[in-house]
Amino acid sequence: MAAAVGWMPRAAHAALADRLAGIGAALVRLPHPRGVEAPSLLAGEDRSESLRGSLVPLVATYGPVPYADLDPTPLAWAAYVLMFGIMFGDAGHGLMLLAAAAALLAGRPRALARRRRAWPFVLGAGVTSTVFGVLYGEFFGPTGVVPRLWLSPLDSPVELLVSAVGLGAVLLAGAYALGIANRWREGGWSAALYEPSGISGASVFLGVGALAAGGYFHRPAVALAGTAVAVLGLVLAFVGFLARACGGGTGAVEAVVELFDLVVRLGANVVSFARLAAFGLTHAALAAVVWTGTAALWNHGGISRAAAAAVFVLGTALTFALEALVAGVQALRLEYYELFSRIFTTQGRPFRPWHIRMTAEEVDVPCPRV
């Protein structure tokens with residue numbers, strides 16, 4: 001008699017049981033061992049060419065998703081391309097990204113075929129960049145080709161800054177919602193209630209936001225309610241920190257320090273989203289410089305028009321490459337440091353299926369004699 005013990009997806013139980021029955025064996029389900037983290041299928045092991053498989057590396061690069069946690073991959077992709085588009089808002093550059101996505105999807109050129117799985121990110125970035133380019137009135141700079149539907153980054157930097165911070169607050173609220181669900185799935189109501197990435201931290205965040213909104217819009221009732229919610233969140237967080245430090249005077253001091261750090265980090269996280277506006281301004285400024293130089297040379301006529309075309313092509317290529325790199329890195333930084341730090345508190349174990357390696361040996365067969 002022999003037995004093999006291991007992990008497997010629950011959805012595959014029935015199929016394996018049928019296969020084992022055909023050879024006189026059986027599948028026996030064992031209870032989950034205490035203190036052992038189950039491996040997760042959401043850990044980036046999906047290497048398929050499917051849409052889902054192409055999105056997985058965004059989360060897997062941060063770390064394996066714990067077995068109990070929700071998989072945020074589609075939402076993480078949406079947040080990433082949205083932040084990219086705000087910083088890379090230019091309809092002309094967005095159309096270039098869409099063309100690149102089509103080329104990747106088609107597997108052309110062959111030299112980039114191994115990067116084919118990146119097409120959903122390039123496609124999403126192209127769509128959001130084009131949309132924000134129309135909102136900004138940018139098409140390879142302020143050329144006037146597309147109408148401005150919202151604001152010009154260079155003309156309304158403060159409004160863009162406020163909008164970026166507001167969007168950051170919304171994304172943080174979503175991260176807190178996922179964090180609360182994950183804390184509940186990981187450790188029950190106590191973890192969801194007292195963890196700083198759970199209800200306590202979310203209460204402080206929402207309470208401070210309501211307090212600021214009440215003060216800005218002159219709504220005392222909203223400000224008072226926000227203060228009460230923030231204080232409740234601070235109390236819950238303090239209790240959680242104190243319990244983690246095992247109580248006592250030293251534990252109380254440690255809890256106070258942790259509480260102060262929680263408040264400071266909340267403010268820093270919200271302000272960090274101002275970089276969306278900052279790099280959006282940088283992109284618009286560089287494109288404006290290229291277009292201004294192109295227009296000035298073109299107006300001189302003659303040979304200057306050839307120089308204008310060269311300035312436009314080279315300047316656009318440089319701006320596109322530099323700003324695409326910056327926007328991609330900064331969007332990833334905001335995703336990992338500001339959002340994922342609330343969604344995840346631990347890392348899971350990747351599920352690596354067990355295989356029997358099959359090898360074939362070539363045997364030289366002598367030719368028959370004639």
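A salt bridge is a side-chain nitrogen of Lys or Arg within 4 Å of a carboxyl oxygen of Asp or Glu. This structure holds five of these salt bridges and 16 aromatic pairs. The model is predicted: local features need pLDDT of at least 70, side-chain atom pairs count only at pLDDT 80 or more, and totals for chains, interfaces and linings use all residues. Residues are numbered from 1 along each chain as its sequence is written, and side-chain values use heavy atoms, with hydrogens and water left out.

**Salt bridges**

- Arg244 bridges to Glu195, with the closest N and O atoms 3.3 Å apart.
- Arg244 sits in helix 8 (residues 220-244) and Glu195 in the loop between helix 6 (157-194) and helix 7 (199-216), so the pair ties together parts 49 residues apart in sequence. Helices are DSSP runs (H or I, at least four residues), numbered from the N terminus.
- Arg244 is partly exposed at 48% relative accessible area. Buried means under 20%, exposed over 50%, partly exposed in between (1.4 Å probe, protein chains only).
- Arg333 pairs with Glu338 at 2.3 Å between the closest N and O atoms. Arg333 is partly exposed at 28%, whereas Glu338 is buried at 2%.

**Aromatic pairs**

- Rings of Phe, Tyr and Trp (its six-membered ring) pair if their centres lie within 6.5 Å; planes under 30 degrees apart count as stacked, over 60 as edge-to-face, the rest as tilted.
- Phe88 and Phe320 are edge-to-face, 5.6 Å centre to centre with 70° between the planes.
- Phe88 is buried at 0% relative accessibility; Phe320 is buried at 18%.
- Tyr62, Tyr336, Phe340 and Phe344 are linked into a cluster by ring pairs.

How values were computed: Helix = DSSP H or I, 4+ residues; strand = E, 2+ residues; numbered from the N terminus.
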